[in-house]
Amino acid sequence: MMLETYQFEAAKVGVQAMLVLYAQGLLTGVVVDSGDGVTHIVPVWEGVVPQLLIKRLDVAGRHITRYLIKLLQVRGYNFNKSADFETVRQIKEKHCYIGYDLDVEKRLGLETTVLMRSYTLPDGRVIKLGAERYQAPECLFQPSLIDNEKKGM
């Protein structure tokens, strides 16, 4: 019906990672698709997705949020793992990032205030975020940080 209504000549059904690269004007690349519970690393070569090379990592958004809760608790902030999960997820999405060079990030965190960010909680309290911003997502690369013995990215 859609083809007739809009007079499309054809429709393409493809792997999401391949379509992401197409949208960027690329035919070759690696797409990291990290959801709430699982991360997929999908290589695409000249518009082809070699199915045997797709890797699955059982570490994703939910795990990063839990690890951020743990890091914030170590810093002295009291977050309940279930009640405050949504608040910490929002903190993660707004302030966390992947550090390119961990040695540089550690130095910045110890010697400067460049990494420091403030976040106002729903109850009005203000917390400070520092090294946790890059430490939490590091569990994607080192799953042992969250007691997962599989290899990371």
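1. (Helices, H or I of at least four residues, and strands, E of at least two, are DSSP runs numbered from the N terminus.) Gln7 isn't a glycine, yet its phi is positive, about 55 degrees. It counts as exposed, with 69% relative accessibility; here exposed means over 50% relative accessible area, buried under 20%, and partly exposed in between, with a 1.4 Å probe and protein chains only.

2. Keep in mind that this is a predicted model: local features need pLDDT of at least 70, side-chain atom pairs count only at pLDDT 80 or more, and totals for chains, interfaces and linings use all residues. Residues are numbered from 1 along each chain as its sequence is written, and side-chain values use heavy atoms, with hydrogens and water left out.

3. Asp147 has a positive phi too, about 60 degrees, and is not a glycine either. You'll find Asp147 in the segment after helix H6 (132-135). Its relative accessible area is 68%, so Asp147 is exposed.

4. Now for the inside. The largest nonpolar core has 20 residues, and Leu68, Phe79, Ile91, Ile127 and Ala136 touch the most other members. (Such a core is a set of buried Ala, Val, Leu, Ile, Met, Phe, Trp, Tyr and Cys residues joined through side-chain atoms within 4.5 Å.) Helix H3 (61-75), helix H4 (85-95) and strand E5 (126-129) each put in at least two residues, with H3 giving the largest share, six.

5. Take a look at Ile127: skipping neighbours within four places in sequence, it is in contact with Tyr77, Phe79, Ile91, Arg117, Ser118, Tyr119 and Leu121. (Contact is heavy atoms within 4.5 Å.) Another core, of seven residues, lies apart from the largest one and includes Met18, Leu21, Val44 and Val49.

6. Beyond four places in sequence, Glu105 is in contact with Tyr97, Gly99, Tyr100, Leu115 and Tyr134.

7. Last, the cysteines. A search of the whole structure turns up zero disulfides, a disulfide being a pair of cysteine sulfur atoms within 2.5 Å. The closest cysteine sulfur to that of Cys96 belongs to Cys139, and at 9.7 Å it is too far for a bond. Cys96 is buried at 19% relative accessibility, and Cys139 is buried at 0%.
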